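Biologist: Please take a close look at a single part of this model, the interface, and describe it for a reader new to the structure.

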Protein chains: 2
Amino acid sequence: MSAHLEFVEKNVAYAESFDKGHLPVPPAKKLLIVTCMDARIDCYKSLGLELGEAHIVRNAGGSARDAFRSILISQRLLGTREIAVFHHTNCGMQSFTAPQLRSLVKSDAQSRPDNEKEEIEKTVDGMTFYEFSDLERSVLEDVKYLKENLLVLEEAKITGWIYDTANGKVKQVV
Amino acid sequence: MSAHLEFVEKNVAYAESFDKGHLPVPPAKKLLIVTCMDARIDCYKSLGLELGEAHIVRNAGGSARDAFRSILISQRLLGTREIAVFHHTNCGMQSFTAPQLRSLVKSDAQSRPDNEKEEIEKTVDGMTFYEFSDLERSVLEDVKYLKENLLVLEEAKITGWIYDTANGKVKQVV
């Protein structure tokens, strides 16, 4: 069964008791969270956030570089002034290298017509994956990237964190 | 007060009752959700998803293009085979145009030294913001982009949705 058939059903119950239609667009806490797409992370629950309080940007690894477009829009148009970058233990981004992933994609494309193979190879060779090996260093580097980025507001408070998927705890790195 | 002081406190209570440390990395439903960073969206609740069931990618607008790196990693390394793209009513992405945002960023940089001004202008001129005016069309275009992308697995089921921030309801567009 497609997962969407199930979530449509569950959404009916959610909408029936929904009472948050009045919330304004700008996040109440002026906070933006960057975290991983990992299925084991629910930052509303793990950080005790309520609907309407924070922008939540999620991508593979919780990369601040990947999140930059969203951060710029969030700060300039919607008034956020604090960024908390979360990476997490046991992250998929620590399980591969870019050359390995590129090889995998190219190998999956072997049976394709030549023109498609070429396009796939060109695209994947041009991609940056933001994988990392050292978890704590990856957080430090992301915070450094944001602090040095001239387009990220100087007045913004920026912190870096590790979420532990084994016990649900957060730890501040910087 | 910094928002992070508050979420650290709330995380203590979360970790105390945390019992999901055993969940595997690959999402149980082989599902990836793309949705907006908007503070009024909690797709675990609105779609009845449990921890461990789906990758959640969030960015300004819920752009599938912006999510492409994450989607590739999710499909190739962590086995997801269904993508649901959500955009939503009353989205910040409908409230500006790229030229307006570029002007705003440049105008904020007026008092900076010349070399910084130049770098800021160059960066913002090179950015794509993925803003949109027609909500339904933006969903159709994102699904089309994914279906035509040679690096997105052909076997993946891809659907497009609108989430209504006024009443919590989801509606399938495609």
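Modeller: A salt bridge is counted here when a side-chain nitrogen of Lys or Arg lies within 4 Å of a carboxyl oxygen of Asp or Glu. The model is predicted, so local features need pLDDT of at least 70 and side-chain atom pairs count only at pLDDT 80 or more, while totals for chains, interfaces and linings use all residues. Residues are numbered from 1 along each chain as its sequence is written, chains are lettered from A and ligands numbered from 1 in the order in which they are written, and side-chain values use heavy atoms, without hydrogens and water.

Where the chains meet, 87 residues of chain B are in contact with 87 residues of chain A (heavy atoms within 4.5 Å). About 7,300 Å² is buried between chain B and chain A, with carbon and sulfur atoms giving 64% of this area (accessible area, 1.4 Å probe, lost on being put together, summed over both parts). In chain B, the residues that lose the most area to chain A are Phe7(B), Arg69(B) and Leu150(B), which together make up 11% of what that side buries.

Six salt bridges are counted between chain B and chain A; in one between Glu6(A) and Lys29(B), the closest N and O atoms are 3.0 Å apart. On the side of chain B that touches chain A, the largest share, nine residues, comes from helix α1 (residues 3-16) of chain B (helices being DSSP runs of H or I, at least four residues, numbered from the N terminus).

How values were computed: Buried area = accessible area lost by both parts, 1.4 Å probe. Helix = DSSP H or I, 4+ residues; strand = E, 2+ residues; numbered from the N terminus.
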